[in-house]
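Subject: Structure handover and notes

Hello,

Here is the structure for your files. My notes come after it.

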Amino acid sequence: MAVIEVQDLTRTFRTRRGRVVTALDHVGFQVERGEVLGLLGPNGAGKTTLSRILTTLLVPTSGTARVSGFDVVDRPREVRRRIGLVLGGDRGLYGRLTARQNLRYWAALQGLDARTARRRTEEVMELLGLDGRGDDRVETFSRGMVQRVHLARALLGEPDVLVMDEPTNGMDPHAGAGFRELVRTLRGGGTTVVLTTHDMQEAQALCSRVALIDHGRILRIGSTTELLAGIRTPRTLTAVGVPPETAARIAALAGSATTDAEGNLTARPADDESLSQALLLLAQARAESISVAAPGLAEVYRTVIENREFAL
Ligand SMILES: Nc1ncnc2c1ncn2[C@@H]1O[C@H](COP(=O)(O)OP(=O)(O)OP(=O)(O)O)[C@@H](O)[C@H]1O
Ligand SMILES: [Mg+2]
């Protein structure tokens with residue numbers, strides 16, 4: 001059975017000037033237990049609106065969303081008991097309180113009894129590597145540390161579903177890697193995750209499927225492999241020390257190729273034939289560091305979303 005079921009979900013906002021904005025436009029999808037669904041899309045696509053509806057912070061204008069079989073509008077308490085929300089940024093924590101005090105406070109708000117609240121607070125702090133800083137005020141924490149407290153808070157009630165809106169925003173690479181490891185562990189334990197990120201590599205590494213969202217609509221949904229199969233995306237050829245005449249010949253056969261003044265070439269030959277010709281030219285010109293990269297989620301995103309931000 002699907003843990004998340006969304007059907008025909010629409011949410012509009014009326015701006016102060018009376019304009020109607022459609023943040024979600026007849027969205028529908030399902031998420032199975034233990035899946036990590038990525039939400040990808042440009043600013044304003046509707047990702048946060050969807051996360052807020054799933055976690056009962058916002059009601060839809062029309063359509064339905066269910067979590068573990070409970071409707072987010074009719075049974076919000078049941079939903080809240082089963083879902084955890086991790087937001088990017090600084091909201092929702094008390095800077096003057098220590099990490100441990102924050103977590104105990106939130107555990108009490110979530111209805112855990114005092115003993116369970118203490119036990120879960122220690123467990124989640126250990127899980128997130130916060131145990132050394134438990135008695136420090138949150139206002140003294142770095143962004144990445146604050147993000148870990150957010151994540152710890154969301155895990156207090158052992159939720160079936162975790163909704164995370166740009167959780168790695170502000171984390172350094174080491175903290176980001178730790179976070180990805182944690183998501184894998186949670187996923188292995190059967191937790192279902194809905195993860196919004198602008199980081200294509202993170203999405204590709206963590207998500208079983210991704211939904212590409214733009215203007216409130218899901219344009220594509222599937223695994224990276226499935227999405228790649230649906231579009232023609234060339235491989236990326238790079239090399240260094242490419243003489244100008246070789247670069248010009250490759251540009252002529254590859255269609256799209258750029259070379260900078262140092263002779264660093266990037267090209268996307270459209271088919272196998274032009275790729276092998278380009279490789280031959282590079283070898284003959286004794287270019288170095290020749291490499292061919294398989295397309296990934298970044299190429300799918302580029303193809304499907306088409307630089308909307310720049311086109312505004
Ligand atoms: N409370 C609100 N009042 C009016 N408009 C809103 C409100 N919340 C969201 N919107 C609008 O709904 C649309 C979707 O916003 P949303 O925050 O869901 O996008 P997003 O995909 O999360 O973007 P980002 O990547 O920037 O976080 C935007 O046009 C936004 O301006
Ligand atoms: Mg957002």
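Predicted model: local features only at pLDDT ≥ 70, side-chain atom pairs only at ≥ 80, totals over all residues.

Residues are numbered from 1 along each chain as its sequence is written, and chains are lettered from A and ligands numbered from 1 in the order in which they are written.

Whole chain

The protein chain has 12 helices and 14 strands. The C-alpha trace spans about 75 × 45 × 40 Å along its principal axes. Of the 312 residues, 38% count as buried; a residue is buried if 20 or more other C-beta atoms lie within 10 Å of its own, exposed if 12 or fewer, and partly exposed in between, with C-beta atoms placed from the backbone. Among contacts in the chain with a separation of 6 or more, 68% are between residues 24 or more positions apart. Two residues are in contact if their C-beta atoms, placed from the backbone, lie within 7 Å.

Ligand 1

The shell around ligand 1 consists of Phe13, Thr15, Val21, Ala23, Gly41, Asn43, Gly44, Ala45, Gly46, Lys47, Thr48 and Thr49. The cut-off for a shell residue is a C-beta atom, placed from the backbone, within 6 Å of the molecule. The largest share, three residues, comes from α1. By class the shell has four nonpolar, seven polar and one charged residues. Here Ala, Val, Leu, Ile, Met, Phe, Trp, Tyr, Cys and Pro count as nonpolar, Asp, Glu, Lys and Arg as charged, and the others, Gly among them, as polar.

Helix pairs

Helix α3 (residues 99-109) packs with two other helices described here. With α5 (residues 143-155) the angle is about 30° and the axes are 9 Å apart. Axes are lines fitted to C-alpha atoms, for helices over the stretch in contact, and angles run from 0 to 180 degrees between N-to-C directions. α3 and α5 are therefore roughly parallel; the class covers angles under 35 degrees, with over 145 roughly antiparallel, 65 to 115 roughly perpendicular and the rest oblique. Their crossing is right-handed, the near helix being turned clockwise from the far one by less than a right angle. Ala99, Asn102, Leu103 and Trp106 of α3 meet Val149, Ala152 and Arg153 of α5. That contact has five nonpolar, one polar and one charged residues.

With α4 (residues 114-127), α3 packs at about 130°, again with axes 9 Å apart, so the two are oblique to each other. The crossing of α3 and α4 is right-handed. On the α3 side the contact holds Ala99, Arg100, Leu103, Arg104, Ala107 and Ala108, and on the α4 side Ala117, Arg118, Arg120, Thr121, Val124 and Met125. Seven of these residues are nonpolar, one is polar and four are charged.

Helices α9 (residues 244-254) and α10 (residues 272-284) pack at about 175° with their axes 10 Å apart, which means that they are roughly antiparallel. Thr246, Arg249, Ile250, Leu253 and Ala254 of α9 face Ser274, Gln277, Ala278, Leu281 and Leu282 of α10 in the contact. The classes there are six nonpolar, three polar and one charged.

In α11 (residues 297-305), Leu297, Glu299, Val300 and Tyr301 are buried. They pack against β3 (36-40), α7 (200-206), β9 (209-214) and α8 (224-229).

His26 counts as partly exposed, because it has 14 C-beta neighbours inside 10 Å. Glu158 sits in the loop between α5 and β7 (161-165) and has a positive phi of about 45° without being a glycine.

Arg235 is in the loop between α8 and β11 (236-240) and is partly exposed, with 16 other C-beta atoms within 10 Å. Beyond its neighbours within four places in sequence, Arg235 contacts Leu275, Val292, Ala293, Ala294 and Pro295.

Regards

Terms used:
Helix = DSSP H or I, 4+ residues; strand = E, 2+ residues; numbered from the N terminus.
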